[in-house]
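Okay, thanks for making time, everyone.

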Amino acid sequence: KFVYPVKGTKGRKLGLPGQGTHSFQADPDNWQSDNAIDIGLPSGTPLVAVADGTIGDRIGFLSNDPSSRFAGERFYLETADDEFFYHHCSKLLVTAGQRVKQGEVVARSGVASGVGHLHLGQKNGDPADLFKL
């Protein structure tokens, strides 16, 4: 149903839903932060759409501070039955409202809190299942 969100490498598993900075009890207490995985990658690694969908209208920077845990650009991928939150991107290759195909390169990974990685939240389901792909 979904594809792995990184092109050409598996990356390192850095974070899982409900653990560490993705705690179900800590702020900001939303699916984007809590039901998420972190994949360790060099900055600039190509990121792909996990499914066919549309890029949502919440797109761009949450923080311009590169040392912030909210650093980098973010976007939402809205699919037929789910929604994904990509964060800490160094470059977006999509725009709001754009239709994308599964496997299409949509962004480049970036850095937050001094660590190169992709933060990927999934609204429905378990994003840790993506590590099994």
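Let me start with a term: when I say two residues touch or are in contact, I mean heavy atoms within 4.5 Å. And a bit of housekeeping. This is a predicted model, so local features need pLDDT of at least 70 and side-chain atom pairs count only at pLDDT 80 or more, while totals for chains, interfaces and linings use all residues. Residues are numbered from 1 along each chain as its sequence is written, and side-chain values use heavy atoms, with hydrogens and water left out.

The chain has 1 helix and 10 strands, where helices (H or I, at least four residues) and strands (E, at least two) are DSSP runs, numbered from the N terminus. In order from the N terminus, that reads β-α-β-β-β-β-β-β-β-β-β. The radius of gyration is 13 Å, close to the 14 Å that the globule rule gives for 133 residues, so the chain is as compact as a globular protein of that length. For the record, that radius is taken over C-alpha atoms, and the rule is 2.2 Å times the number of residues to the power 0.38. The C-alpha atoms fill a box of roughly 30 × 30 × 30 Å along the principal axes.

As for burial, 50% of the 133 residues are buried; buried means under 20% relative accessible area, exposed means over 50%, and partly exposed is in between, with a 1.4 Å probe and protein chains only.

Now have a look at strand S2, residues 36-40. Buried or exposed? Well, 5 of its 5 residues are buried. Ala36, Asp38 and Gly40 point one way, while Ile37 and Ile39 point the other. And who are its partners? Strands count as paired if DSSP finds at least two bridges between them. S2 pairs with S1 in the antiparallel sense over 3 bridges, with arginine 12 opposite glycine 40. S2 is also joined to strand S10, residues 115-122, by 5 bridges, again antiparallel, and there isoleucine 37 has leucine 120 as its bridge partner.

Most residues other than glycine have a negative phi. Aspartate 29, however, has a positive phi of about 55 degrees; this residue sits in the loop between strand S1 (12-15) and helix H1 (31-34). Histidine 88 also has a positive phi, near 75 degrees. Histidine 88 is in strand S7, residues 83-92, and is buried, at 4% relative accessible area.

Glycine 72 is buried, with a relative accessible area of 13%.

Last stop, lysine 101. Where is it? In the loop between strand S8 (99-100) and strand S9 (105-112). Lysine 101 counts as exposed, at 55% relative accessibility. Leaving aside neighbours within four places in sequence, lysine 101 is in contact with Ala49, Ala51 and Asp52. Its C-alpha is 26 Å from that of leucine 16, which is 85 residues away along the chain.

That's my tour; over to you.
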